[in-house]
Amino acid sequence: MAKNLRGTHQIVTANRLSDGVVVFFTRSGDWSPDFNDAVVADDPAAAETLLPRARGAATATVEPYLVAVELVDGAPVPVSMRERIRVGGLTFPVLAAGASRYA
Amino acid sequence: MVTVHSGSRAVPSALSPLPLDAWLLDPTAAAVSLPNTASPDLLGDGLARLELIALHFPKFNDGRAYSQARLLRGRMGYRGELRATGDVLRDQLPFMLRCGFDSFEKADPPFGEAVRAAATLFSVVYQPAEDNRVPAAELRRLATAGAMAAAAAVSLG
Amino acid sequence: MPDSYFYRYDAHDRALVAERVAQFRDQVARRLSGDLTEEQFKPLRLTNGLYLQLHAYMLRVAIPYGTLTSGQLRALAGIARRFDRGYGHFTTRQNLQFNWIRLEDAPDILEALAAVDMHAMQTSGNCIRNVTADHFAGAAGDEVEDPRIWAEIVRQWSTLHPEFSFLPRKFKIAVTGSPRDRAAVRVHDIGLRLHRDPAGAVGFEVIVGGGLGRTPMIGKTLRDFLPREDLLAYLEATLRVYNRYGRRDNLYKARIKILVHEIGAERMRGEVDAEFHALRGTALRLPDEVIDAIARQFAAPALAARPARSEDVERLRARDRAFARWLAANVTPHRVPGYAIVTAALKQLGAPPGDASATQMDAVADLADRHSSGEVRVSHEQNLILPWVPLDDLQALWRALDALGFADPVAGRIGDIVACPGLDYCALANARSIPLAQRLSLRFGDAARQQEIGELKVRISGCINACGHHHVGHIGILGVDRNGTELYQISLGGDPEAGSTAIGEILGPALTEERTIEAIEAMVDLYLATRVAGERFVDTYRRLGADPYKEKVYGHRA
């Protein structure tokens, strides 16, 4: 699944080196596991400068990349299913929580 | 600056290896650099006169030179210096040593220590290669045969 | 030395695994300190089974030829509890994946594995991967020889092989010892099929260049009969030809199948033979005593003599339909009279295929101790197998598995869906696999109907890498991404077994998840309405061809 899809608004994400946790590049130039902390670039020019900035601060993260988001009621939501899953987690209940028995 | 670090070889050769094309024009030269796409068979009778063969790793994960090294050592009986050049990283050294490389080009002074450490990193090998180490299966066979001989000696005694 | 019935590590094996853990501990420390770049570290972590997935690191633990002791299964449960979120995923390559791993913990996890003679070596990377084999090995009635003997010999030879650790691409070897091929040997880089020559000697048919993925291909037989002492010389020859001449310019053309395809089987055979003749009889030759020493380790457990028929089982079969259904689907005849092979199906309705909780793993380990001589197998169909069950234990085992949710009568049926982790976990996936598997299993959640449908292999992959083996599903489903929408492409007629191996044919344009489920329902109805006696779904498809199925799904002849 494409990591990125067309969109004017972009954020930068990566996985944290030590434990692989999904993190987002923040306003303060740091990384946060909270999607709400992500800094949103709202035009292509801003996105172009955001990624190098994030890479410059990426010693403890793995391979930062841009993700297109759209604003829903003012809040960013990733455009691609892949990135929505990275933000929101598994789309099914783990294990037998969702299981039932044969008729 | 390029430094050469020794494996089992006491002093690496100071010769500059000729590129293969140049060497083929002058096969009396004592050092050649073989691209990893070339067959070692190209060296032909000139092999006997070679003192240094450099094999190249354009990227550490391009493993063709391992096969070239084993063919040169195991099949063709080459006993001169076999040098790894290019993207030579310490984590690949145990494999290179087993395939018969005995010198390493790397502009990194602490690398000599890495070469020494790589030689003893694994005390066990599972397959015959070009370093004369005895594979685990053969050690087991010898141990069993030895135990049987000892048992026979005891029963005879 | 007492004979055992699975391979036990000796001091050599333990030393090597311990040294490998120490090496990786050093490599992880160098990565965390910044001495190694991600580019340099990635291949190192991959050859130790450590991936970076969507949400976390994933550790793929090798389960050589799918054989586990109860103690090893308990250790896996312990790791799931201590280092993961309390569960693991059994894969189509007989391995186990932990999905929520921290890089910092990985060396400690490898150490915990080493304590029970396990590791994660060569479960990824461009090397010779963990060797797979028939999950019924040693217990199957139709076996020439236990393929695990040979898988173990290959495991040792391939472990940290100095020449073949940076191949053009990954390399998978599978071994089967039965005419009924449960190891899918024709769709591996090398498949080894044990058989006897006219004089009665055991040797191998060597099949090279099969594989699934982007370009599915059925392997070519390079040797009809390879004497067993020459196995390693022939493998080394084949790998050397591949290492030297396999393509490295294009990731998608780097597998050995492309080399075989491009130069042709004849030339490939010639190249391998030339190398083989030079290697044959060298230190790679396998002396009988080396083979026999490994073979002794796989001697069957001491099984008490039992009557070939259990009256208790027959009584319950006659009066309990659920038990009868379970016997029909999940219990396989054994080589030894009075015993059976039991499939514990990790395919609960609506649950992710192949997943088991730590509690369930512990419970299966206890059941293996009580009913299966302490041994468990992992099948490439993502189930657990208890290979040494006395017939008189079947009733108790059935009830205990039922309490775990592992006694659904689905083995080989439409509910026995094989699925990769898909986009919910995997960094390579294009679409989700597990939710579709869950909804499909619920749609066919009626045991009587499932029994009526009979054998039907459904396999789902979330991308073209085909970890869900969709190419060889009777019904194969491939998830694709069309402009950000998940769609599923159906193929029909695939078959993994040597003798009838086939790559499925694409039915038509990809469908939404909902329409995919409706399409499968419609095709199953078509099969039930048109089958002749004894035909499985795939047989009817082969007889009728694709057109009626296309018409059923797309409403016209495509």
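Colleague: Two residues are in contact if their C-beta atoms, placed from the backbone, lie within 7 Å. With that in hand, how many residues of domain 2 of chain C are in contact with domain 3 of chain C?

Modeller: Four residues of domain 2 of chain C do that, and they meet four residues of domain 3 of chain C. On the domain 2 side, the residues that touch domain 3 of chain C are two nonpolar, one polar and one charged. Keep in mind that this is a predicted model.

Colleague: How far apart are the C-alpha centres of those two domains of chain C?

Modeller: The centres of domain 2 and domain 3 of chain C are 33 Å apart.

Colleague: And where does the domain assignment put the domains of chain C?

Modeller: Domain 1 covers 11-114, domain 2 covers 140-293, domain 3 covers 311-404 and domain 4 covers 418-554.

Colleague: What confidence does the predictor give chain C, and what about the complex?

Modeller: The average pLDDT of chain C is 96, with 99% of the residues at 70 or above. For the complex, ipTM is 0.95 and pTM is 0.95 as well.

Colleague: Let's talk overall build. How many helices and strands are in chain C?

Modeller: Chain C has 17 helices and 20 strands. The C-alpha trace of chain C spans about 60 × 60 × 55 Å along the principal axes.

Colleague: What share of chain C counts as buried?

Modeller: 60% of its 558 residues. As for contacts in chain C with a separation of 6 or more, 67% are between residues 24 or more positions apart.

Colleague: Now chain B. What's its radius of gyration?

Modeller: Chain B comes out at 19 Å, whereas a compact globule of 157 residues would be near 15 Å. Its C-alpha atoms fill a box of roughly 70 × 35 × 30 Å along the principal axes.

Colleague: In what order do the elements of chain B run?

Modeller: From the N terminus, β-β-α-β-β-α-β-α-β-α-α. That is five helices and six strands.

Colleague: I've been looking at B:Asp26. Where is it placed, and is it buried or exposed?

Modeller: B:Asp26 is in the loop between α1 (20-25) and β3 (31-34) of chain B. It counts as exposed because it has 10 C-beta neighbours inside 10 Å, and the cut-off for exposed is 12 or fewer.

Colleague: How far is B:Asp26 from B:Gly46?

Modeller: The two are 20 residues apart in sequence, and their C-alpha atoms are 9.4 Å apart in space.

Colleague: On to the chain pairs. Which of the two that touch has the most contacts?

Modeller: Chains A and C. There, 36 residues of chain C are in contact with 31 residues of chain A. On the chain C side, β13 (355-357) and α13 (434-443) are the elements giving two or more residues. The largest share, three residues, comes from α13(C). By class, that side of chain C has 16 nonpolar, 10 polar and 10 charged residues.

Colleague: What about chain A and chain B, how far apart are their closest C-alpha atoms?

Modeller: They lie 20 Å apart, and no contact joins chain A and chain B.

Conventions: Residues are numbered from 1 along each chain as its sequence is written. Chains are lettered from A and ligands numbered from 1 in the order in which they are written. This is a predicted model: local features need pLDDT of at least 70, side-chain atom pairs count only at pLDDT 80 or more; totals for chains, interfaces and linings use all residues. Helices (H or I, at least four residues) and strands (E, at least two) are DSSP runs, numbered from the N terminus. The radius of gyration is taken over C-alpha atoms; the globule rule is 2.2 Å times the number of residues to the power 0.38. pLDDT is the predictor's confidence in each residue, from 0 to 100. Domain bounds come from an automatic or database domain assignment. Ala, Val, Leu, Ile, Met, Phe, Trp, Tyr, Cys and Pro count as nonpolar, Asp, Glu, Lys and Arg as charged, and the others, Gly among them, as polar. A residue is buried if 20 or more other C-beta atoms lie within 10 Å of its own, exposed if 12 or fewer, and partly exposed in between; C-beta atoms are placed from the backbone.
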